[in-house]
Amino acid sequence: TFLPNLRSEYKKIEQAPDLEKPYVYMPLCFQPERTSSPQGGVHVILPFALETVSSSLPSGWTIYVKEHPSQWMIRTKEAYSSARWKGYYERLALIPNVKLVPIETSSFELMQKSKAIAVVAGTAGWEAMLRKIPVLNFGYTWYRDLAGIFNVSDPESCRIALRKISDGYQITDTEVIDNLKNFDEGSIRGYIEGAVEKQSSFTHEEATRNLARGIIEELQIV
């Protein structure tokens, strides 16, 4: 289309990142989706989270922001919507020390060279932790209590976390292994989505039985 849209607006303000300078990487959530609503709370409005990080940055640090590729492929695609309204990216770019990077930029490269990653309860936080990258987490995601995850909600908590990170905090190999062990022990082998069933080694009956057993055990604990 030749009409203004999300892609054209983004392209006008994107900038190539300098990966040699200190920065926080914040990949945007695909929206609407459960990870930001309801799990993100008030930070379902992503600019709120971005402003919080911006106001808490150590001197000389930048925030690199990248759109979720699925945002332009699913549901409203490149059209404006309640999740990405006209002027949305321009609004983000006005936040101090924020730069939107080309959507083609490798998320894993941005993640690996960052000082920290900021997420609103997204999968990228889990991926960062596995790479020993500290995580600023806004929201109530399933991995929020693991080592290396800083749960933040306001400038003060974010400032404390970033100060610790800038002072040299690093996730250790032992913490990653412990996180995986805790994940394994706290997991139920099953699924609730049909798409997963096609890839799983569990039959529908086995998955249902495992889920039911897990629910019953939790109820007994309570």
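In what order do the six strands of the open sheet stand, and is their pairing parallel or antiparallel? I looked this up and found the order β3-β2-β1-β4-β5-β6, with parallel pairing.

**Basis.** I worked from a predicted model, in which local features need pLDDT of at least 70 and side-chain atom pairs count only at pLDDT 80 or more, while totals for chains, interfaces and linings use all residues. Residues are numbered from 1 along each chain as its sequence is written, and side-chain values use heavy atoms, with hydrogens and water left out.

**Whole chain.** I noted nine helices and six strands; these are DSSP runs numbered from the N terminus, helices being H or I with at least four residues and strands E with at least two. The radius of gyration is 19 Å, close to the 17 Å of the globule rule for 222 residues, so the chain is as compact as a globular protein of that length. The radius is taken over C-alpha atoms, and the rule is 2.2 Å times the number of residues to the power 0.38. I recorded a span of about 50 × 45 × 30 Å for the C-alpha trace along its principal axes.

**Sheet.** Strands of a sheet pair through backbone hydrogen bonds; here two strands count as paired if DSSP finds at least two bridges between them. I identified β3 (98–100) and β6 (149–151) as the edge strands, each pairing on one side only. Between β4 (residues 116–119) and β5 (residues 135–137) I found three bridges in the parallel sense, and Val 119 stands opposite Asn 137 in β5. Helix α6 (residues 155–166) packs on the sheet and touches β1, β4, β5 and β6, contact meaning heavy atoms within 4.5 Å. The direction of α6 makes about 175° with that of β5; axes are lines fitted to C-alpha atoms, for helices over the stretch in contact, and angles run from 0 to 180 degrees between N-to-C directions.

**Largest pocket.** A pocket is an open set of points on a 1 Å grid over the protein atoms alone, where a 1.4 Å probe fits, with protein on both sides within 12 Å along at least five of seven lines; lining residues have an atom within 4 Å of a point. I read about 1,200 Å³ for the largest one, the volume being the space filled by probe spheres set on points joined across faces, edges and corners. Of its 37 lining residues, Arg 34, Thr 35, Gly 122, Thr 123 and Trp 142 are the closest to its centre.
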